[in-house]
Amino acid sequence: MAYAESRALVAAEAEGDERAVEAALRPRTLAEVVGQERVREQLALVLEAARGRGRAPDHVLLSGPPGLGKTTLAMIIAAEMQSPLRLTSGPAITHAGDLAAILSGMNDGDVLFVDEIHRMSRPAEEMLYMAMEDFRVDVVIGKGPGATAIPLEIPPFTLVGATTRAGLLPGPLRDRFGFTAHLEFYEPAELELIVRRSAGLLDVHLTDEGAGEIASRSRGTPRIANRLLRRVRDYAQVRADGVVTLDIAHRALDLYEVDQSGLDRLDRAVLDALCRRFGGGPVGVSTLAVAVGEERETVEEVAEPFLVRSGFLARTPRGRVATPAAWQHLGLTPPPDGGSPYADASLFDTD
Ligand SMILES: Nc1ncnc2c1ncn2[C@@H]1O[C@H](COP(=O)(O)OP(=O)(O)OP(=O)(O)O)[C@@H](O)[C@H]1O
Ligand SMILES: [Mg+2]
């Protein structure tokens, strides 16, 4: 798994002790949040209206890929409402009883943050429907015919759910959120502002060009931008005078093998095999995986999503195909007819 080991640098998910580092870089107010203009404005309105009425705001669903600011926004909602935030996650709620215990401990106006809400168990989900709508749950005591449901009132609270997979949420749950915010990937200019803000907090000296370079290799994701900034800072400190210039950012990111488009070694290996060995495809993903010496799942789940999003690779019914941009990225000339002498490689694969 030679490639997979170096993934962490451009992985969108948080790694190990990264959460602690991230806490220090989180915007604390809506005004501090960079980008996501529409979501910010809509959320500001929801919160201000609730404050004006002196009531808990409607339940909020935050959806979008990892590292774009869902947890950050959940914390900001509580902070802006000056309400205590209670944190839990879908996988932590395995029984309806777990949820009942949390809900019964809530106070008026509390914000309950349920991360990965799509991973909650079915019975808990059903209890949540009722809690969200009627601020009431039925706690079932006993089993079988003798079981009784004891209704329990819950003070009005705000549920903030976060999910990377909004499509997996059952309709009834989705419908009970008064406001849904879908977070989008960030523009390079926005990421540049985030990098500059983080550098300020971390006491890193960096030039605008240095920030721009880090931003453009961050895959539209603040978490990756912050991570690359920390690695570039290391480089600047050890190999130079500590200042992150364009040249230092360039050299550091080349050393860490994150290229101009934010591709890492595995991403490039996949593209390289696709173009050089299979003439640009179509080729089955299993064949491609063998060619780069990785598991099929690694290629499919780790490398492909970003390659597809960046327009370097297309998934077709006959297999994976390199786009002209992929050839260009590798400094190669695409075949004139777009066809491939190895097109039949797809016949050996069933995917
Ligand atoms: N709009 C933003 N402005 C500034 N920094 C941001 C913004 N969005 C995210 N960040 C930074 O990116 C990091 C990751 O954000 P966050 O933890 O909120 O992502 P997430 O969407 O909850 O990810 P996951 O799906 O993995 O839980 C945080 O350290 C935060 O500081
Ligand atoms: Mg999160």
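What percentage of the 351 residues in the protein chain is buried? Buried residues account for 40% of the chain, where a residue is buried if 20 or more other C-beta atoms lie within 10 Å of its own, exposed if 12 or fewer, and partly exposed in between, with C-beta atoms placed from the backbone. This is a predicted model, in which local features need pLDDT of at least 70, side-chain atom pairs count only at pLDDT 80 or more, and totals for chains, interfaces and linings use all residues. Residues are numbered from 1 along each chain as its sequence is written, and chains are lettered from A and ligands numbered from 1 in the order in which they are written.

**View 1. The whole protein chain.** The chain contains 15 helices and nine strands; helices (H or I, at least four residues) and strands (E, at least two) are DSSP runs, numbered from the N terminus. Along the principal axes, its C-alpha atoms fill a box of roughly 70 × 55 × 30 Å. Of the contacts between residues at least 6 apart in sequence, 72% join residues at least 24 apart; two residues are in contact if their C-beta atoms, placed from the backbone, lie within 7 Å.

View 2. The chain is divided into domain 1 (27-182), domain 2 (188-256) and domain 3 (265-330), with bounds that come from an automatic or database domain assignment. A distance of 35 Å separates the C-alpha centres of domain 1 and domain 2. At their interface, five residues of domain 1 are in contact with eight residues of domain 2. The side of domain 1 that touches domain 2 consists of two nonpolar, three polar and no charged residues; here Ala, Val, Leu, Ile, Met, Phe, Trp, Tyr, Cys and Pro count as nonpolar, Asp, Glu, Lys and Arg as charged, and the others, Gly among them, as polar.

**View 3. The surroundings of ligand 1.** Ligand 1 is surrounded by 22 residues, of which the closest are Glu 22, Gly 69, Lys 70, Thr 71 and Thr 72; a residue is near the ligand if its C-beta atom, placed from the backbone, lies within 6 Å of it. Helix 2 (18-25), helix 4 (70-81) and helix 10 (222-239) each supply at least two residues of this shell. By class, the shell holds nine nonpolar, eight polar and five charged residues. Domain 1 and domain 2 both give residues to the shell, so ligand 1 lies between them.

View 4. UniProt places the feature "binding site" (unreviewed entry) at Thr 71; UniProt positions are given in the numbering used here, feature names are shortened, and annotations may be inferred rather than shown by experiment. Thr 71 is found in helix 4 and counts as buried, because it has 21 C-beta neighbours inside 10 Å. Apart from neighbours within four places in sequence, Thr 71 is in contact with Asp 115 and Ala 162.

**View 5. Two nonpolar cores.** A nonpolar core is a set of buried Ala, Val, Leu, Ile, Met, Phe, Trp, Tyr and Cys residues joined through C-beta atoms within 7 Å. The largest has 40 residues, and Leu 62, Ile 77, Leu 99, Met 127 and Val 160 touch the most other members. Among the elements that give two or more residues to this core are helix 3 (37-53), strand 1 (60-63) and strand 6 (158-163). Ile 77 touches Leu 47, Val 60, Val 111 and Val 160, residues up to four places away in sequence not being counted. A second, separate core of 24 residues includes Leu 206, Ala 211, Ala 225 and Leu 253.

**View 6. Three arginines listed in the record.** For "binding site" (unreviewed entry), UniProt lists Arg 296, Arg 315 and Arg 320. Arg 315 lies in strand 8 (residues 313-316) and is partly exposed, with 16 other C-beta atoms within 10 Å. Arg 320, in strand 9 (residues 319-322), is buried, with 29 other C-beta atoms within 10 Å. Leaving aside residues up to four places away in sequence, Arg 320 touches several residues, including Leu 274, Val 283, Leu 288 and Arg 315.
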